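Please look over the sequence and the structure shown here before reading on.

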Amino acid sequence: MLWLLALIILLGVLAYYRTSLLRSTIVATLFLSVYTLLSNLPLLNALLWLGFLFLAILFNVRRLRRQFISSRIFKLMQAALPTMSQTEREALEAGNTWWDAELFSGSPNWKVLRNVPAISLTEEEQAFLDGPVETLCAMLDDWDITHNRQDLPETVWDYIKKHKFCGMIIPKQYGGLDFSHTAHSACVMKIASRSTTAAVTVMVPNSLGPAKLLLEYGTEQQKDYYLPRLAAGEEIPAFALTGPHAGSDAGAMPDTGIVCRGQFEGREVLGIRLNWEKRYITLGPVATVLGMSFKLYDPDRLIGDQESRGITVALIPTNTPGVSIGRRHFPLDSAFQNGPNWGKDVFIPMDWVIGGVEQVGNGWKMLMQCLATGRAISLPALSVGAAKVTCRNTGAYARIRKQFNLPLGEFEGVQEPLARMAGETYILDAARQVTTAALDYGKKPSVISAIVKYELTERMRRVINDGMDIQAGSGICMGPRNYLGRLYQVIPISITVEGANILTRTMMIFGQGAIRCHPFIQKEMAALQQEPSTQALRQFDEILFQHIGFFLHNLAASLWLGLTGAGFLRRLPGDRTTKRYYRRIARLSVDFALIADFALLTLGGSLKRRERISGLFADALSNLYLCSCVLKHFHDQDCPADDAPLLHWACQQTLHRTQQSLLAILWKLPLRPVALLLRLLTFPIGKPYAPPNDRLIHKTASLLLADTPARDRLTHGIYINNKADDATGRIEVAFKAVLAAAPVEAKLRAAQQRKQLPKGAQTDIIAEAVTLGIITQHEADLIAAAEQARIAAISVDDFSPEELTRHRAEQS
């Protein structure tokens with residue numbers, strides 16, 4: 001038994017250090033030789049040597065290995081390889097990998113993350129944020145927009161067009177602003193903190209819209225014509241992808257185009273006759289040009305040898321004969337323009353296809369490539385803006401509002417959601433900033449784009465839900481004073497669009513990630529898709545045994561890091577505050593890679609349909625990414641000491657969720673005895689990572705209850721004003737007034753405890769306190785001002801029955 005244990009340890013060490021097969025064989029030969037010399041079992045020794053030599057020759061002589069091992073595995077895996085549609089293949093090819101691939105590797109190289117420069121804005125970009133964006137936010141009255149107008153005021157539309165808000169991504173040579181991804185994100189975030197209607201109106205043309213498609217794929221003639229007009233607001237773009245019968249399933253798209261000849265502007269040209277029906281199209285009702293996706297067919301072979309040419313994208317002016325712009329949808333009381341459109345026998349010339357004939361059939365690939373960046377910017381920025389404004393104002397409200405003569409924020413039951421709000425908002429902004437920095441660095445990580453879209457919209461939902469719980473009655477009574485109600489109403493919109501979150505979590509994050517980010521899966525699939533040949537088998541054999549070595553290394557590393565808490569890992573970044581979290585990410589990354597390989601081995605192609613398991617893998621990968629972003633964000637901000645509670649809360653929460661997701665996967669995997677053994681290997685001493693404790697929760701919540709630099713950093717970049725008649729300004733005014741009066745209130749409480757003043761409400765004893773010299777008149781004025789501001793901040797709106805019925809009548 002001791003010899004067997006020694007052999008297992010030896011093999012584990014060899015696997016941990018990724019020793020080659022030949023060197024491992026040499027070491028095993030030496031071990032067996034020592035055993036033979038020291039043992040007195042000649043028959044057993046002979047059998048051991050025979051077996052060992054057989055395996056050593058079989059695995060080390062590559063021709064034999066390929067003939068008797070790899071060829072059989074090749075056939076089995078080729079038969080089990082799931083079919084992949086063209087749209088799935090193009091989605092997998094979109095974008096590239098970055099830190100997601102490092103996390104999948106089980107041995108993340110921290111330089112890959114650290115080498116991305118911290119975000120920064122140019123002077124021009126900062127001036128735009130401080131100037132036009134600030135002015136636009138001041139112009140926005142969300143209650144008026146959503147309740148009275150159901151649209152942006154004409155003055156706001158004109159201002160958006162004049163200052164080129166819809167041309168942020170368009171280069172200056174075409175009249176655009178040519179902003180970085182970071183600046184684009186910062187603008188959307190700030191506007192979203194004021195009005196989601198305005199934010200959506202601005203962000204859609206700059207994310208998945210004709211401008212981005214033209215920049216990437218358009219002909220020079222198309223760019224020269226459309227981009228200046230889009231930048232100046234002369235054209236309002238919309239992109240029409242979703243239809244009544246095909247949402248996320250692009251392969252089921254019923255909209256068609258037929259290549260044919262037809263009349264256009266008095267002459268016969270080669271073109272396309274289109275029929276489509278679309279819905280949920282943002283800016284559709286006011287669009288002047290539609291980006292249209294459809295399946296193209298060429299029955300007469302006018303542009304090639306194929307009849308079915310695939311999904312294609314074209315630009316179509318909305319005044320083209322046959323185009324019908326429908327009435328408006330009404331998405332959850334939000335006022336951004338959204339509606340259906342359709343076309344009946346619409347003839348367009350071939351040069352309206354984005355990129356011309358050369359890009360026919362490449363539409364889905366074009367869309368996926370654009371979404372690889374667009375999905376990481378617009379909705380994440382909106383989510384961060386919504387979370388920050390909720391965090392800042394609800395935190396202030398919890399300090400202003402009193403129950404039982406105590407601020408709400410001093411109750412433990414309220415501190416828990418306050419801490420969640422602060423910690424989640426810190427995670428959201430860290431992910432936003434790190435991801436846009438990576439985009440500006442030249443990365444197009446499609447898996448990470450899906451992660452930030454899903455995670456940031458979901459976590460924003462939790463922040464706003466917590467805010468509603470704390471605001472209570474003031475959150476549910478709609479009116480001009482209510483800053484939170486509309487945010488709460490429109491949450492499902494961000495959850496639904498640009499890839500519904502259920503689909504994103506269960507299919508896209510791990511489904512794409514397992515292929516794109518895994519060191520070997522995509523290479524193995526490429527080899528398996530070839531016809532059996534000596535070259536294909538040689539390629540497959542090399543990749544397969546590299547993959548086996550990768551699995552064995554992770555097996556050994558998982559056990560070693562689990563037993564030691566990754567305490568012996570070296571060359572990790574960080575200091576005494578953060579190094580432990582780098583260790584934990586490294587350890588959980590190995591566990592993730594190992595369990596993912598086991599799932600792929602045991603479930604094979606059926607893992608594609610096991611969405612509960614793939615969803616848990618997505619949760620684990622997403623939380624590892626978010627924790628990495630938090631650490632980089634903290635480092636990029638020069639590690640401010642007073643942000644430490646936010647850092648600890650965010651890291652502990654994401655690491656605990658990663659751990660729980662991996663444990664949940666292990667309970668769902670087949671081959672239960674082996675899965676239980678894997679559970680012991682990955683978590684040999686139980687569950688090491690706990691969620692934030694009560695002390696940390698108190699520290700984190702307290703950051704929202706005081707006017708501190710940490711609170712300002714957490715909510716930096718949103719629109720803040722001090723107007724007493726504004727929905728958020730009145731809270732800001734009251735917060736500062738209450739804090740200014742707090743020392744005076746403390747004096748009054750102390751006097752009451754000494755029985756210098758009678759018990760009762762402090763407002764009733766101010767005059768007596770001044771008379772007795774306990775406080776000055778100035779201090780009394782501070783109390784009065786705070787009370788007046790507090791009442792204004794906690795007051796809610798009310799309406800006469802006539803006002804409400806008249807509004808409903810006007811709507812109908």
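Is K444 buried, partly exposed or exposed? K444 is partly exposed, with a relative accessible area of 32%, where buried stands for under 20% relative accessible area, exposed for over 50%, and partly exposed for what lies in between (1.4 Å probe, protein chains only). The model is a predicted one, in which local features need pLDDT of at least 70 and side-chain atom pairs count only at pLDDT 80 or more, while totals for chains, interfaces and linings use all residues. Residues are numbered from 1 along each chain as its sequence is written, and side-chain values use heavy atoms, with hydrogens and water left out.

The partner of K444 is E216, and the closest N and O atoms of this salt bridge are 4.0 Å apart; the term requires a side-chain nitrogen of Lys or Arg within 4 Å of a carboxyl oxygen of Asp or Glu. The two residues are 228 residues apart, E216 in helix α13 and K444 in the loop between α17 and α18, with helices (H or I, at least four residues) and strands (E, at least two) taken as DSSP runs numbered from the N terminus. E216 is partly exposed as well, at a relative accessible area of 41%.

Other salt bridges have buried partners. R486 and D333 meet at 3.3 Å, N to O, joining helix α20 to the loop between β6 and β7, and both residues are buried. R392 and E732 pair with their closest N and O atoms 2.7 Å apart, and this links helix α16 with helix α30 across 340 residues. R392 counts as buried at 5% relative accessibility, and E732 does so at 3%.

Helix α27 (residues 672-682) shows how burial can be arranged around an axis. Its residues A675, L678, L681 and T682 are buried, and they lie on the same side of α27 because they cover an arc of only 110° around the axis, an arc taken from the directions from the helix axis to the C-beta atoms. These buried residues pack against α23, α24 and α26, with contact meaning heavy atoms within 4.5 Å, whereas the face turned away carries the exposed residues P673 and L680.
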